[in-house]
Amino acid sequence: MRTSKFLLATIKETPADAEIISHQLMVRAGLIRKLASGLYSWLPLGFKVLNKVTQIVREEMDKSGAMEVVMPVVQPSELWEESGRWQGMGPELLRFQDRHERDFCLGPTHEEVITDIVRSEYSSYKQLPAILYQIQSKFRDERRPRFGIMRSREFIMKDAYSFHKDEESLQQTYEVMHQTYCNIFSRLGLDYRPVIADSGNIGGSTSHEFHVLADSGEDEIVFSSDSNYAANRELAEGGLASPNADEESLEQQTVDTGDATTIDQVSALLHIEPTKMVKTLLVHGADKEGNRTDDLVALLLRGDQELNETKAQKLDGVAAPLHFADDDSIKKTIGCPPGCIGPQNLSIRIIADHSVTDLKNFACGANTEGKHITNQNWSDQCKFNDSADIRKIQEGDPSPDGQGTLSIKRGIEVGHIFQLGKKYSEALNATVLDENGKAVVMPMGCYGIGVTRIVAACIEQSHDDKGIIWPENITPFHLIVVQIDAHKSDQVKAYSEQIYADAQALGLEVLLDDRDKKTSPGVKFAESELIGIPHRVVVSPRSLADNVVEYTSRSSGEKQQIDKDSLLDFIANTVNSQTSD
């Protein structure tokens with residue numbers, strides 16, 4: 001491709017609404033253009049990258065035994081009403097009516113549609129397992145689209161669904177998909193981690209997220225230093241040893257603490273480390289149907305720890321989403337304001353985090369305004385009903401598998417796999433006949449990859465102050481040939497054309513910057529670095545006079561003078577070999 005015939009839509013200015021580097025560089029490099037809030041057009045350069053990502057995803061999915069389909073973006077309300085998600089999905093589901101006043105939506109996901117297909121086309125356990133996937137546009141009416149294509153309203157996703165005769169078969173396919181995802185992200189050249197995750201409103205039990213490590217990531221992910229343990233921080237487990245489990249119990253005392261109500265204030269006043277304090281948080285409970293009640297539940301944490309709300313709202317009898325008690329409810333139930341609450345003589349349910357169950361001689365609220373207790377110990381008057389892991393993991397905590405310590409990094413979620421169980425197949429009555437001729441509901445798996453998001457995540461992970469640095473497998477072009485002063489030198493033009501043709505013959509995608517004298521060398525160099533092409537060859541009258549050309553590696557910035565007679569061998573051995581890795 002020649003730049004004189006290619007829409008190289010680079011711009012110098014950074015868009016005012018571009019908050020993160022991938023959004024800035026995708027616009028500046030001419031990959032995308034904004035149409036409306038959360039809606040983007042893909043320009044030729046960006047579309048080339050997007051197609052390469054799509055092809056890698058498709059190839060690995062096909063290797064896994066999955067079959068590709070395409071399902072409608074527009075979906076009838078009847079299917080969503082069958083699954084119970086027509087109302088439950090909320091405003092992200094864009095609903096509308098056709099000219100006959102029938103209700104439809106733009107699909108944010110396709111569990112209902114794929115289940116409808118399978119219940120119609122599959123009848124016997126002998127046809128299972130079945131894995132069907134598509135690579136297609138989705139629409140979610142985000143309240144606040146931001147970060148360019150990272151959180152847009154319309155996006156391209158690879159979504160796959162598997163159907164099984166039993167849970168054992170589902171587990172086997174889940175493991176295949178886990179490995180398939182690892183293969184995909186490895187081929188894409190990404191530094192990624194699979195982590196244990198929360199299934200969210202999709203449903204199911206077991207799930208893993210796949211995160212690209214990047215400082216701009218919205219999620220916090222936790223890794224062990226010495227093992228493969230990794231989890232989203234919302235679900236990460238970890239144990240803390242008690243700082244004083246071996247101490248002899250001391251005589252408790254009730255002390256005046258006045259206006260000191262926070263852990264830091266009470267710790268400073270009483271000269272007690274937060275590690276030897278217990279804080280009590282009050283949240284609303286839930287009835288057997290999961291509805292929030294006025295009953296309060298006390299959650300106990302060590303003073304230096306934070307509550308993990310995702311873990312807490314999964315507890316039986318605790319309202320989800322988590323709802324903290326207001327001051328009036330606390331005073332009515334406990335008899336004192338917040339900041340003075342402790343576990344002694346509480347008449348409500350108490351759930352203690354594992355970090356406090358072995359504490360001795362700790363400080364806590366006395367359930368009286370302006371009072372705290374020191375040297376408190378667990379007893380008949382001070383006890384908890386249950387213990388659970390409800391704290392947020394911290395940097396340096398011991399790994400739950402006993403191997404090493406935990407580190408916390410930020411990640412961008414680019415893939416998520418779920419064991420859905422029978423949530424959708426049961427609701428839509430998707431059954432097959434088993435070995436005994438009995439109709440059984442098929443357990444399901446769900447496997448998603450954000451194809452457009454991968455492009456942004458790659459840029460977040462791989463860029464510098466000059467622009468994008470593409471991995472070899474998804475770069476829009478492998479090599480750019482920049483000719484300088486070709487209008488003054490027929491030799492420059494002829495040799496540039498020769499490199500262009502010879503490199504293409506090697507199977508490389510080559511961009512020949514053949515723009516005329518109106519485009520300066522400095523602009524050509526800056527644009528080649530901005531768009532991130534991995535390899536650059538510069539042909540100029542001066543270099544040809546010395547029988548060489550200048551080669552630059554985009555990733556390292558290293559420049560080399562290559563003898564022009566050996567350039568093709570250099571390209572074959574350097575550029576082509578890296579591209580084939």
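Reply: Let's start with a definition: helices (H or I, at least four residues) and strands (E, at least two) are DSSP runs, numbered from the N terminus. Two strands pair if DSSP finds at least two bridges between them. This is a predicted model, where local features need pLDDT of at least 70, side-chain atom pairs count only at pLDDT 80 or more, and totals for chains, interfaces and linings use all residues. Residues are numbered from 1 along each chain as its sequence is written, and side-chain values use heavy atoms, leaving out hydrogens and water.

Me: How many helices and strands does the protein have?
Reply: There are 15 helices and 30 strands. As for its extent, the C-alpha trace spans about 95 × 65 × 45 Å along the principal axes.

Me: In which sense do strand 17 and strand 18 pair?
Reply: Strand 17 (362–365) and strand 18 (residues 371–376) run in the antiparallel sense, with three bridges between them. Find Gly-365 and you will see His-372 of strand 18 opposite. The two strands form a hairpin, and five residues separate them. Asn-367, in the turn, has a positive phi of about 60°.

Me: What does buried mean?
Reply: A residue is buried under 20% relative accessible area, exposed over 50%, and partly exposed in between (1.4 Å probe, protein chains only). Here 52% of the 581 residues count as buried.

Me: Why is helix 1 described as largely enclosed by the rest of the structure?
Reply: Because six of the eight residues of helix 1 (residues 21–28) are buried. They are Ser-22, His-23, Gln-24, Leu-25, Met-26 and Val-27. Among the elements covering them are strand 1 (32–36), strand 2 (39–42), helix 11 (451–461) and helix 13 (521–531); here contact means heavy atoms within 4.5 Å. Strand 24 (463–464) and strand 25 (467–468) also belong to that cover. Just after helix 1 comes Gly-30, with a positive phi of about 80°.

Me: Which residues have the most contacts inside the largest nonpolar core?
Reply: In soluble globular proteins, nonpolar side chains tend to be buried together. A nonpolar core is a set of buried Ala, Val, Leu, Ile, Met, Phe, Trp, Tyr and Cys residues joined through side-chain atoms within 4.5 Å. The largest one here has 62 residues, and those with the most contacts inside it are Leu-31, Val-53, Phe-185, Leu-188, Val-455 and Trp-470. Another core, of 26 residues, lies apart from the largest one and includes Cys-105, Ile-114, Leu-128 and Phe-163.

Me: Is Ser-169 buried or exposed?
Reply: Ser-169 counts as buried because its relative accessibility is 8%. You will find Ser-169 in helix 6 (residues 167–187). Pro-129 and His-164 are touched by Ser-169, not counting residues up to four places away in sequence.

Me: How many residues apart in sequence are Ser-169 and Met-444?
Reply: They are 275 residues apart in sequence, while their C-alpha atoms are 9.8 Å apart in space. For the protein as a whole, take the contacts between residues at least 6 apart in sequence: 69% of them join residues at least 24 apart.
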